[in-house]
Amino acid sequence: MKIFHLNYPNLMKPEEALGPLSMAIGFFDGVHKGHQKVIGEAIGKARELGVKSAVMTFDPHPSLVLGGRKEEVFYITPLQQKMEILQDMGVDVCFIVRFTSRFAQLLPEEFIENFIEGLEVVHVTAGFDFSFGAKGQGTMELMERQSGGRFGVSIISKQEDGMEKISSTRIRSHLKAGEIEEVCRLSGRPFKVSGTVINGDKRGRTIGFPTANVLPDSGTFIPGRGVYAVRLHVQGKTYEGVCNVGYKPTFNDPNLKQLTIEVNIFDFDKDIYGERVTVDWHKRIRDEQKFSGIDELKAQIEKDKQEAIRFFAE
């Protein structure tokens, strides 16, 4: 997949000619089943028309510009992970448009002129609620009217699961609650967190359960506190394990709120400090809890491990 960064008004076209495109447009945080329907339609149209498939997404999140948010935005799929998913889906080209205050002021007609027709897009696909242009005035119905037969338009209807819309907001709610199975189901794949293994307090190895302390990439959404069955990818290999997200209440001062992600990797004894890893989250085992002592904690960790082993064996 070829990736191009576009910026209004200075860089609105890629450095090379790409020919006609069938393009899906959206922010696509999470690239969940609803998003996959939109992108899949664009890929299907590309095959039908004999052109390349494309996706247009935006960076950073529009709320940082439009809502005046100063705090960090946490993404379900950070940009690099989003690119990897799109590539796996078979997308040929991805445009990452820099979302700035100037870009946000574009009239809908100007957006169409520069970012649809200007990119030789012959077919546009987006969700029914996608909006574009200043103050979100542009709708897909307007896109259809403005096309004038110069490009085709597909509008994907609301995608539901359990009578409720599949959305990034819904997935974030499940993540906060630690309902990882729901997240995986709505996404069609395990939830992933990438990061770097850093030095921890090394207490795990003293009780027979050494852990990898993972510092997640900046802006990554972390599931709610609890214990999970996970797979960890490191150095080109995949291992099963149990992950604890929380504040380690058995050992730590309750007033010290330092969230940690610690993975007990099964049958693993390598030194991986400084390594890049990706954690796939599959199942929530239990809430984080405080134990009366180390023996009780060790017994529970062993139970968690056996439950994870059973889950992965199914």
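Colleague: Which residues touch the most other members of the largest nonpolar core?

Modeller: Of the 35 residues in that core, I25, M56, F95, F115, I116 and M143 touch the most other members. This is a predicted model, in which local features need pLDDT of at least 70 and side-chain atom pairs count only at pLDDT 80 or more, while totals for chains, interfaces and linings use all residues. Residues are numbered from 1 along each chain as its sequence is written, and side-chain values use heavy atoms, with hydrogens and water left out.

Colleague: What makes a set of residues a nonpolar core?

Modeller: The name is given to buried Ala, Val, Leu, Ile, Met, Phe, Trp, Tyr and Cys residues joined through side-chain atoms within 4.5 Å. Among the elements that each supply at least two residues of this core are β2 (21-25), β3 (52-59) and α6 (140-147); helices (H or I, at least four residues) and strands (E, at least two) are DSSP runs, numbered from the N terminus. Apart from this core lies another, of 30 residues, including A212 and F268.

Colleague: Why is Q81 called buried?

Modeller: Buried means under 20% relative accessible area, exposed over 50%, and partly exposed in between (1.4 Å probe, protein chains only). The value for Q81 is 10%, and therefore Q81 counts as buried. Q81 belongs to helix α3 (residues 79-89). Leaving aside neighbours within four places in sequence, Q81 is in contact (heavy atoms within 4.5 Å) with I76 and K192.

Colleague: Which residues of helix α8 are buried, and against what do they pack?

Modeller: In α8, the buried residues are I180, V183, C184, L186 and S187. The elements they pack against include α1 (33-49), α7 (168-176) and β9. G188, which follows α8, has a positive phi near 80 degrees.

Colleague: What makes the unit of β5, α6 and β6 right-handed?

Modeller: A crossover is right-handed if, with the strands pointing away from the viewer, the path from the first strand over the helix to the second runs clockwise. The β-α-β unit of β5, α6 and β6 is right-handed. Five bridges join β5 to β6 (residues 152-156), and these strands run parallel.

Note on methods:
Pairing = 2+ DSSP bridges.
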